[in-house]
Amino acid sequence: MNKINYQKELDKVIEMLQREDRVPKLLMHSCCAPCSSYCLSYLAQYFHITVYYYNPNITEEAEYKKRVAEQARLISELDTVYPIQLVEGKYDPQRFYEITKGMEQMDEGGERCFACYRLRLEEAAKLAADGCFDYVTTTLSISPMKNAEKLNEIGAEVGEKYGIRWLFSDFKKKNGYKRSVELSKEHDLYRQSYCGCGYSKAQAKREGRI
């Protein structure tokens with residue numbers, strides 16, 4: 001079975017929209033300001049974007065507040081064709097603990113992360129459907145640590161469940177990750193050294209990343 005090239009799927013959508021000469025509404029779930037930097041600068045040429053900051057996996061409140069503040073600051077500083085809005089979801093770490101119960105000892109990148117993807121993407125899909133958006137997507141695929149195939153698989157599932165089109169993407173492509181690092185430096189963004197949950201922080205410490 002051939003793997004899907006998600007960047008090519010995104011290119012097809014953008015080409016279609018340009019032919020139709022319309023600017024659709026996109027709800028973009030964001031994990032953090034650095035990861036969103038390239039995604040927003042790229043897609044705000046073609047979409048009216050609302051950033052949905054929903055990350056209950058960030059288990060330390062001070063860390064959560066720092067990251068959401070950086071997200072708001074980045075949006076205020078980005079020079080984009082179309083303005084970007086920000087919606088902050090409910091901060092409820094208990095939901096993350098509930099859906100990952102029994103997975104505490106797993107390494108990052110496995111089933112625990114997939115459950116976390118689903119939690120966040122399902123909330124994004126619900127909000128997008130309720131808000132009559134044209135598409136929903138996430139910034140998560142820009143990270144080399146994240147499984148783009150699984151993200152798009154889950155995204156398509158929750159999109160179908162709530163009747164909202166999932167915008168396929170692999171933002172690492174076209175030097176997306178490299179550009180996100182450059183933009184983070186340009187905007188002096190706080191770049192965290194772990195995903196967000198206590199489990200990923202502990203692993204980062206064991207691996208000497210913190």
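**Notes on salt bridges and a helix crossing**

1. Let's start with K174, which is exposed, with a relative accessible area of 54%; exposed means over 50%, buried under 20% and partly exposed in between, using a 1.4 Å probe and protein chains only. A word on the source: this is a predicted model, where local features need pLDDT of at least 70 and side-chain atom pairs count only at pLDDT 80 or more, while totals for chains, interfaces and linings use all residues. Residues are numbered from 1 along each chain as its sequence is written, and side-chain values use heavy atoms, leaving out hydrogens and water.

2. Which residue does K174 meet in a salt bridge? The partner is D11, at 3.3 Å from N to O; a salt bridge here is a side-chain nitrogen of Lys or Arg within 4 Å of a carboxyl oxygen of Asp or Glu. This pair links distant parts of the chain, 163 residues apart: K174 sits in the loop between strand 5 (165-166) and helix 7, and D11 in helix 1 (residues 6-20). Helices (H or I, at least four residues) and strands (E, at least two) are DSSP runs, numbered from the N terminus.

3. A second pair to look at is E122 with K161, whose side chains form a salt bridge of 2.6 Å, N to O. These two also lie in distant parts of the chain, with E122 in helix 5 (residues 111-130) and K161 in helix 6 (residues 148-162), 39 residues apart. E122 counts as buried at 18% relative accessibility, whereas K161 is exposed at 57%.

4. Helix 5 also holds a local pair: K126 and E123 lie three residues apart, about one turn of the helix. Their closest N and O atoms are 3.0 Å apart, forming a salt bridge. K126 is partly exposed at 29%, and E123 is buried at 16%.

5. Salt bridges with shared partners join K178, R179, E182 and E186 into one network. In total, the structure holds 20 salt bridges.

6. Now to the helix crossing. Helix 2 (residues 33-43) packs against helix 7 (residues 176-186) at about 110°, their axes 8 Å apart; axes are lines fitted to C-alpha atoms over the stretch in contact, and angles run from 0 to 180 degrees between N-to-C directions. That makes the two helices roughly perpendicular, the term for angles of 65 to 115 degrees. P34, S37, Y38 and S41 of helix 2 meet G176, R179, S180, L183 and S184 of helix 7, contact meaning heavy atoms within 4.5 Å.

Note on methods
Parallel < 35°, antiparallel > 145°, perpendicular 65-115°, else oblique.
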